[in-house]
Amino acid sequence: MVVLHYTGMRTAAEALERLCDPEAEVSCHYLIDEDGTVVRLVDEDKRAWHAGRSSWRGETDVNSASIGIELVNPGHEFGYCAFPRAQMEALVPLLADIVRRHDIPRANVVGHSDIAVARKLDPGELFDWDLLARYRLALARPEVTLGNPFPNDGAFFLALERFGYDITDPTAAVRAFQRRWRLERIDGEVDGQIGAILFALLLDRDRGNTR
């Protein structure tokens, strides 16, 4: 897996200091500054402490199964903003190289909020997932026109869990799904549009189209 984060701190210097502080017990493999500078902090074959308490597709020790990339951004607490072009242009080749060498499917390139639905918001609704999708480095949002294919909310949540999300907190799980796949409305409510999106994602995965 690759897990994408924002630093959620006021400056890059503060973030780097924290990521290098053993007492903080937080680290990542790569840090990308707003100007596109890439810093490697932990070797890819070593475990970094970036995911925290998290889960994806039944894997609850995400730190042992993932590479963590932090993007400098103040986050929702300190003035969340769009990720600069230079930063995204630095992410693309780095991510392309990582997924090629480790044979990581696009479905396993995720945001921190996807794996820690009740705790995290990053990289958030301003992150340019469409850019990564154009380079086939992440899944694209499906284009859907049909109504809700699930007969009730229970069926939706079973499908959401099957796709990979932790549904222990159902409302948080829906918000996390919306933040990634339907960012224009993040309300934690199950509706026909997100049901159709989830259904399309599962169909693509079952057909082997998510690598």
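**Exercise 1. Describe how helix α5 and helix α6 pack against each other.**

*Solution.* Step 1: helix α5 (residues 153–163) and helix α6 (residues 170–181) pack at an angle of about 60 degrees, and their axes lie 11 Å apart. Helices (H or I, at least four residues) and strands (E, at least two) are DSSP runs, numbered from the N terminus. Axes are lines fitted to C-alpha atoms, for helices over the stretch in contact, with angles from 0 to 180 degrees between N-to-C directions.

The structure is a predicted model, in which local features need pLDDT of at least 70 and side-chain atom pairs count only at pLDDT 80 or more, while totals for chains, interfaces and linings use all residues. Residues are numbered from 1 along each chain as its sequence is written, and side-chain values use heavy atoms, with hydrogens and water left out.

Step 2: the contact (heavy atoms within 4.5 Å) is made by Phe156, Phe157, Leu160 and Phe163 of α5 and by Pro170, Ala173, Val174, Phe177 and Trp181 of α6.

Step 3: sorted by class, this contact of α5 with α6 has nine nonpolar, no polar and no charged residues. Ala, Val, Leu, Ile, Met, Phe, Trp, Tyr, Cys and Pro count as nonpolar, Asp, Glu, Lys and Arg as charged, and the others, Gly among them, as polar.

**Exercise 2. Determine whether Leu4 is buried or exposed, and list its contacts.**

*Solution.* Step 1: Leu4 is located in strand β1 (residues 2–6).

Step 2: Leu4 counts as buried because its relative accessibility is 0%. Buried means under 20% relative accessible area, exposed over 50%, and partly exposed in between (1.4 Å probe, protein chains only).

Step 3: leaving aside neighbours within four places in sequence, Leu4 is in contact with several residues, including Ile69, Leu91, Val109, Val110, Phe127 and Trp129.

**Exercise 3. Characterise the largest cavity and its lining.**

*Solution.* Step 1: a search of the whole structure finds one cavity of 30 Å³ or more. On a 1 Å grid over the protein atoms alone, a cavity is a set of points where a 1.4 Å probe fits but cannot get out, and lining residues have an atom within 4 Å of a point.

Step 2: the largest cavity holds about 60 Å³ of space. A volume is the space filled by probe spheres set on the points, and grid points are joined across faces, edges and corners.

Step 3: among the residues lining the largest cavity are Val109, Val110, Phe163, Arg180 and Trp181. The elements giving two or more residues to this lining are β5 (109–111) and α6.

Step 4: by class, the lining of the largest cavity has eight nonpolar, no polar and three charged residues.

How values were computed:
1 Å grid on protein atoms, 1.4 Å probe; cavity = no way out; pocket = protein on both sides within 12 Å on 5 of 7 lines; lining within 4 Å.
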